[in-house]
Amino acid sequence: MIKLAGLTKRYGDFTAVAGIDLTVQRGELFGLLGPNGAGKTTTLRMIAGILQPTAGTIFIGGVSLARDPVAAKSKLGFIPDRPFIYEKLTGTEFLRFVAGLYGQGGPDIDRRGEELLALFDLLDWKDELVESYSHGMRQKLIIASAFVHRPEVIVVDEPMVGLDPKAARLLKDLFRAYVARGNTIVMSTHTLEVAETLCDRVAIVQNGTIATMGTMADLRSTTDADSSLEEIFLKLTGEKAARSAVEVLSA
Ligand SMILES: Nc1ncnc2c1ncn2[C@@H]1O[C@H](COP(=O)(O)OP(=O)(O)OP(=O)(O)O)[C@@H](O)[C@H]1O
Ligand SMILES: [Mg+2]
C-alpha cells in the first residue's frame, strides 16, 4: 500500500533521510522508532506529500505521489506532530473544512464528523472556537479530521503525545480497528510500549536510514531475550544509558 524506494531528503550538505526503501502492506500498522533527529518526521512528511523529496519515489496504493499527487493524496490522511488548526473555526467547521479539501461534504460527512467528535468526547465543544480548546483537545480534533474523509492510508507523527490515558487507549483501539478493515497506518512513536502493543512491524531509523526492521519480537530476539524494551532500544541504537546524566550533575 505504501512503497518507498531510495527516499532521500537533503538540506544543503546535510542529509536528513538517506535512501529509505520500505514496503508497508495493506492492513498493516507500521511504526517508525528512533532517536531525536533520526529522520522520522521528515520521512512521514514526504509520504504525506507536504515535503518534496530530494530523490527517490513514493507510491501510495500503486499511484506515484510525484506523478499524480492529487490521486495519491486523496487516499491519505495525515496527523502531524504539532497540531495546527485555524483558531477561528469551530470543531465542526474544521472537520467540514478538511473534508472539503478532499472534495467531500454534505450530510454524510457531517454525520461522520459528529460520530468522531463523540468518540473523542468533543461533542459538547463542537460549536466552540478551536482557540478555546486545550492542547489534547486540539490533538483529538486533528486525529478526528484525518479519519473524516475515509482515507485508505493514515500517516501519523507521534499521535499519543498530549493525550490523556482514556484518549490514548481510544486511539489505539481506533487504529487497530481501522487496519483490521484493510486500511494502512504508518506512524512514529517514542513510546516503546505503544510500538509493542500496537504495531505489526517497526523500523528503527537512525541517521536517516533504517537500521533494523521487523516485529518487536524480532527486535527482542536480536538482543538479550529478557531485556526491557528500553534496553533493547538503547542497544539497537547504540545509545548510552542515562549514567552520563549523573556524571554531568556530579561534575
Ligand atoms: N527544514 C530543515 N532544515 C534543515 N534541517 C532540517 C530541517 N528539518 C529537519 N531537519 C533536520 O533533519 C533531521 C531529521 O529531523 P526529523 O524532524 O525528521 O527527526 P525526527 O526523527 O522526527 O526526530 P524527533 O524524534 O525529535 O521528532 C534533523 O537533524 C533535523 O535537524
Ligand atoms: Mg519527529
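**View 1. Helices α3 and α5 cross in a right-handed manner.** Here, right-handed means that the near helix is turned clockwise from the far one, whereas a left-handed crossing has the near helix turned anticlockwise by less than a right angle. The helix and strand names used throughout are DSSP runs numbered from the N terminus (helices are H or I with at least four residues, strands are E with at least two). Two packed helices are described by the angle between their axes and the distance between the axes. For α3 (residues 91–101) and α5 (residues 135–147), the axes come within 9 Å and cross at roughly 35 degrees. Axes are lines fitted to C-alpha atoms, for helices over the stretch in contact, and angles run from 0 to 180 degrees between N-to-C directions. Look for G91, F94, L95 and V98 of α3, which meet L141, A144 and S145 of α5; contact means C-beta atoms, placed from the backbone, within 7 Å. By class, this contact holds five nonpolar, two polar and no charged residues. Ala, Val, Leu, Ile, Met, Phe, Trp, Tyr, Cys and Pro count as nonpolar, Asp, Glu, Lys and Arg as charged, and the others, Gly among them, as polar.

A note before moving on: this is a predicted model, in which local features need pLDDT of at least 70 and side-chain atom pairs count only at pLDDT 80 or more, while totals for chains, interfaces and linings use all residues. Residues are numbered from 1 along each chain as its sequence is written, and chains are lettered from A and ligands numbered from 1 in the order in which they are written.

**View 2. Four strands build an open antiparallel sheet.** Their order is β2-β1-β4-β5, and two strands pair if DSSP finds at least two bridges between them. β2 (14–24) and β5 (63–64) are the edge strands with a single partner each, so one side of each has no neighbour in the sheet. Eight bridges link β1 (residues 2–11) to β2 in the antiparallel sense, and T8 faces A18 of β2. Helix α1 (residues 40–47) lies across β1, β2 and β4 (55–60), at about 120 degrees to β1.

**View 3. A shell of residues surrounds ligand 1.** Y11, F14, A16, G34, N36, G37, A38, G39, K40, T41 and T42 make up this shell, with a residue counted if its C-beta atom, placed from the backbone, lies within 6 Å. The shell has four nonpolar, six polar and one charged residue.

**View 4. Six strands form a mixed open sheet.** Follow the order β6-β7-β8-β3-β9-β10. The edges are β6 (76–79) and β10 (209–214), each with a single partner strand, so one side of each is left without a neighbour. Neighbouring strands are turned by 15 degrees against each other on average, direction ignored. β3 (residues 29–33) and β8 (residues 184–188) run parallel and are joined by four bridges; L29 has I185 in β8 as its bridge partner. Across this sheet, α1 lies over β3, β7, β8 and β9 (201–206), at about 150 degrees to β8, while α6 lies across β3 and β8, at about 145 degrees to β8.

**View 5. Domain 1 meets domain 2.** The domain assignment, automatic or from a database, gives domain 1 (1–75 + 152–215) and domain 2 (88–151). Their centres, taken over C-alpha atoms, are 23 Å apart. Twelve residues of domain 1 and ten residues of domain 2 take part in the contact. On the domain 1 side, β7 (153–157) and α6 (165–180) give two or more residues.

Note on methods
Two residues are in contact if their C-beta atoms, placed from the backbone, lie within 7 Å.
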